[in-house]
Amino acid sequence: MARKSGKKRKRAGRTIRHMLLLTVIGIAGIAGWNWLNTHPQHNPFAPLDLRDPIGWATARKLIALKSDTQECRAVLDHSEVAYAVLPATGEGACARPDRTQLEAFPLAPGTPTLTCPVATALELWRTKSVDQAALEYLGGEVVRIEHMGAFNCRRMRGSGSGGGWSEHATANAIDISAFELADGRRITVLDDWDGDADRAGFLRAIRDDACGVFATVLSPDFNAAHADHFHLDQSSRWVGVCR
């Protein structure tokens, strides 16, 4: 009889422990969900809003927009970003059905037309990374971002005539080379990547942040061909490449 009683107590003890464990898991789950709801940049289910900070889920949300141009433009509308839609052009591997141009972005020379996902990521990167890093590292405001082009109907460098097409072939990429501050200072990838500590820190910080909004980010750390610029694209082939 005593033996049976002991078994019952053990079973009761295990049941209580299981209930306590389930309770703790439930509380943790509710707390985690509440935290995600107050941090939409980390919540993969929350709608993308470019006014939110860059978070764990941001890049995936932006890359997903590549297959839904209308949703991408809805994100720009919802985030109150001024842009223009240009007529489709090109053919074959260089067809550009999605031509989106940011209207209030300080790009030079001129504002190129891009795919909507690249334009969207570029706007988020500027407002949530470049502008803030410039204040932190350089104590100044960025008034101009220089680029080396977006559209170029070509295959990937070094791939030969039978290699894959570059993301530039559809303007799904842009190369950024320099930043000009309100006080006239100019920070270039070529001259400052390994230069003054504050300038180099600024460039490395915004390169790292770019990896949170673009599928592919290539910098001077990648190879000599990128010694003078950041290559930023929304390729679905190379998601997560950050060098």
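Analyst: The largest cavity holds about 40 Å³ of space. A cavity here is a set of points on a 1 Å grid over the protein atoms alone where a 1.4 Å probe fits but cannot get out; its volume is the space filled by probe spheres set on the points, which are joined across faces, edges and corners. A search of the whole structure turns up one cavity of 30 Å³ or more. The model is predicted, so local features need pLDDT of at least 70 and side-chain atom pairs pLDDT 80 or more, while totals for chains, interfaces and linings use all residues. Residues are numbered from 1 along each chain as its sequence is written, and side-chain values use heavy atoms, without hydrogens or water.

The residues that line the largest cavity are Pro40, Gln41, Pro47, Leu48, Asp49, Asp52, Pro53, Thr58, Lys61 and Leu124; a lining residue has an atom within 4 Å of a point. Sorted by class, this lining has five nonpolar, two polar and three charged residues. Nonpolar covers Ala, Val, Leu, Ile, Met, Phe, Trp, Tyr, Cys and Pro, charged covers Asp, Glu, Lys and Arg, and the others, Gly among them, are polar.

Leu124, one of the lining residues of the largest cavity, is also among the residues that Ser129 touches. Ser129 sits in helix H4. Its relative accessibility is 1%, so Ser129 is buried; that class means under 20% relative accessible area, with exposed over 50% and partly exposed in between, using a 1.4 Å probe and protein chains only. Leaving out residues up to four places away in sequence, Ser129 touches Ile54, Leu124, Ala205, Ile206 and Asp209, where contact means heavy atoms within 4.5 Å.

The chain has 243 residues, 44% of them buried. Of its contacts with a separation of 6 or more, 56% are between residues 24 or more positions apart.

Next comes the open space. The largest pocket holds about 530 Å³; a pocket is an open set of points with protein on both sides within 12 Å along at least five of seven lines. Its lining has 24 residues, and Arg154, Arg157, Leu218, His226 and His231 lie nearest the centre of the pocket. Two strands, E7 (216-218) and E8 (230-233), each supply at least two residues of this lining. By class, the pocket lining has nine nonpolar, nine polar and six charged residues.

The disulfides show which parts of the chain are linked. A disulfide is counted when two cysteine sulfur atoms are within 2.5 Å, and by this rule there are three. With the bonded cysteines numbered in sequence order, the pairing is 1-3, 2-4, 5-6.

In the pair of Cys72 and Cys116, the sulfur atoms are 2.1 Å apart. The angle about this S-S bond is -95°, a left-handed link. Cys72 lies in helix H3 (residues 69-78) and Cys116 in helix H4 (residues 116-138), so the bond ties together parts 44 residues apart in sequence. Cys72 and Cys116 are both buried.

Cys94 and Cys153 form another disulfide, with their sulfur atoms 1.9 Å apart. Its S-S torsion is about 85°, so the link is right-handed. Cys94 is in the loop between strand E1 (83-86) and strand E2 (99-102), and Cys153, 59 residues away, is in the loop between strand E4 (142-147) and strand E5 (173-181). Cys94 is buried at 6% relative accessible area, whereas Cys153 is partly exposed at 43%.

Cys211 is joined to Cys242, S to S 1.8 Å. The torsion here is about 75°, so this disulfide is also right-handed. Cys211 lies in the loop between helix H6 (197-210) and E7, and Cys242 lies in strand E9 (residues 241-242), so parts 31 residues apart in sequence are tied together. Cys242 has a relative accessible area of 34% and is partly exposed.

Methods: Helix = DSSP H or I, 4+ residues; strand = E, 2+ residues; numbered from the N terminus.
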